[in-house]
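This report describes selected features of a predicted model. It treats the contact between two chains and then the architecture of one of them.

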Amino acid sequence: MRITQAFRLALRTLIRNPLRSFFMMLGITVGIASLTAMASLGAATRQETLRQFKRMVGTYDVINIVPGAASTRGMPSLTTVEPSLKFSDAAAIADEADGVLQVAEVQNAFDIDVKYRDKTTVSAIYGISANWLEMRSYFIETGDVITQEDIAGVARVAVIGQDIVTGLFANENPLGKQVRIGNVPFQVKGVLVSRGAGPGGSSLDGVIFIPVTTASRRLFNRDYLTTITAQLENPQRPEPAIESIKAVLRERHGIIPPGEDDFTISDSRANAEQVAEVSSTLGTILTGVAVIAMIIGGTVIMSLMLIAVSERRREIGVRRAVGATRRDVMMQFLIEAATVSVIGGLAGIALGTGGAVLTAIRQDLPPVLLWNVIGIAVVVSVGIGLVFGLQPAWKAANIDPIDALSS
Amino acid sequence: MIEVENLEKTYRRGDGTPVRALKDITFSIDEGEFVTVRGASGSGKSSLLNILGCLDTPTSGVYRLGGEDVSGYSDEQRSRLRCRRIGFVFQTFNLLPRTTALENVEVPALYRGGHIDVDKARALLDRVGLGERSGHFVTELSGGEQQRVAIARALMNDPPLLLADEPTGNLDSAAGRSIMQLLSELHAEGRTIILVTHDEPTAAYAQRELLIRDGVIATDRRQSASQTATEQARR
């Protein structure tokens, strides 16, 4: 018997026993549906989490070096950090550390009063290098960025976020206007594109960027940094660069083992993966549920096939009498089990993917079609049919035709 | 066509005691013969039929089918023999349920290899007088019609030997007569037919009768030409 003939025979048998076929498929359908739904919803959640994280931290290919040991909590600020990271440290990392493309300096403080005419607001002030905005994926809506000339000239210019625009400039164009940060006058040079809300739901737009030199010498009067941002050559494998930076800083700070680092290096990608990982743990549990459902589905196929073999003893006897070999009978029942399983699996894929896409749309997640998961689901359902069909098929093949015909 | 020499078949009962179903049977059947096998139940008739039909193997002795010693054949070899050389007709028809007449006739072709000649299956249904009923499910057919479908199925792979086990046993006398008439026609076309029956009038269609009793051939009787006149007249 050819495989195609066995397949057609299986389809015919399944169509003519619709109720039995339905119950055989049910378990597999439920299992595969939950598997595909979990996988694609999990992927959608993960993608969305990473996307949000990326929006908050900018790009992934940078790492941040902040002063103090890892136990230091919260966002670094001039008032809370140790004065251990110097401008010269940043320059040394750029010159000496391996795998570092470029380095930016940051000196920041929070809750600084900013005034324009009779209006006052509070803002986070970031003194930055000219390359920082681009490294962290901040974009200018109108006006211009902080330039190298601004840095060199210790210019009193500012690039402001959308919250500052709404706080100080009701209907006015802020470009070229003079604001007072602390008591130092700055000219508004550019306005940032909004970044939306941050991790806790608070706005990311209450910021003002000024040249780091101006911040250090004219505003804060401090010579240490709150953050050094480094862009890596190979962000997929940041560890060597991180080790190299550590070595440079430890040497400069005169730290010898067993002394601990007086700085902390945070890898934003690792943080993002960690956040995404939390949601995928749930996915793993639900995948386990799907696997159990499929094992149950396979067992249902096996028991219904075993019953079918007993009921069809006479059919098997006739087929053997007219020339079917044991292999023919075995193949017929195996292919029947695989066919019912794969049809159940396809129904499950349709249900699961459809359900996942609908749920994703309702929860404003990007709908994700995972072709590899669909492929795996097909292979898994064929496999379940073959594995759980094996014993019934073996039993069918070994029925003695004389017994079967005389019963 | 068939040569049987010193054929023995011994079964073991559940408690291990051996039962000699066939004892030293020797006979031969020529190509084109129409032979009746008669015997009471327990006579060994079924055991002989199972061996002749290559469903079973003898304990000892030789069974030659078409000159080929098949007594030691494996299960797979016997399956292939049944497929190409033997057509079975059963007392209970043994058609597949939930299957049309045409699909039943096609079944032996599945195991022959190659594609299924649907036109041939249709022609066979025509031949047994069921051309217009090919699409009917077997449950929609009368007993006589079901047996005709079974005969068409037995002919699908053009076997030289037909084994009919009480083919009229489950039919009323009119349907039984028409089935016997069909078998006579097939014999007239040159097929070798072995027919198991209890029924005297049915046995009268054949030229030769083997009577089995207690595992041996009690009589081997050839009927005179006059006795088969009814059958001859149909040629």
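## Interface and sheet architecture

In this predicted model, 18 residues of chain A are in contact with 20 residues of chain B. On the side of chain A that touches chain B, at least two residues are supplied by each of the helices in the table below.

| Helix of chain A | Residues |
|---|---|
| Helix 1 | 3–16 |
| Helix 10 | 313–321 |
| Helix 11 | 326–362 |
| Helix 13 | 401–406 |

Helix 10 of chain A provides the largest share of this side, with six residues. By residue class, the side of chain A that touches chain B divides into eight nonpolar, three polar and seven charged residues.

Turning to chain B, its secondary structure comprises eight helices and ten strands. Of the 235 residues in chain B, 43% are buried. Among the contacts in chain B with a separation of 6 or more, 67% are between residues 24 or more positions apart.

Chain B contains an open sheet of four strands in the order 2-1-4-5, with antiparallel pairing. Strand 2 (18–29) and strand 5 (68–69) of chain B each have a single partner strand and therefore stand at the edges, one side of each being left without a neighbour in the sheet. Strands of a sheet pair through backbone hydrogen bonds, in either a parallel or an antiparallel manner. Within this sheet, strand 1 (residues 2–12) and strand 4 (residues 60–65) of chain B pair in the antiparallel sense over five bridges. Opposite B:Glu8 stands B:Ser60, which belongs to strand 4 of chain B.

Notes. Residues numbered from 1 in each chain as written. Chains lettered and ligands numbered in written order. Predicted model: local features only at pLDDT ≥ 70, side-chain atom pairs only at ≥ 80, totals over all residues. Buried ≥ 20, exposed ≤ 12 C-beta atoms within 10 Å, placed from the backbone. Contact = placed C-beta atoms within 7 Å. Nonpolar A, V, L, I, M, F, W, Y, C, P; charged D, E, K, R; others polar. Pairing = 2+ DSSP bridges.
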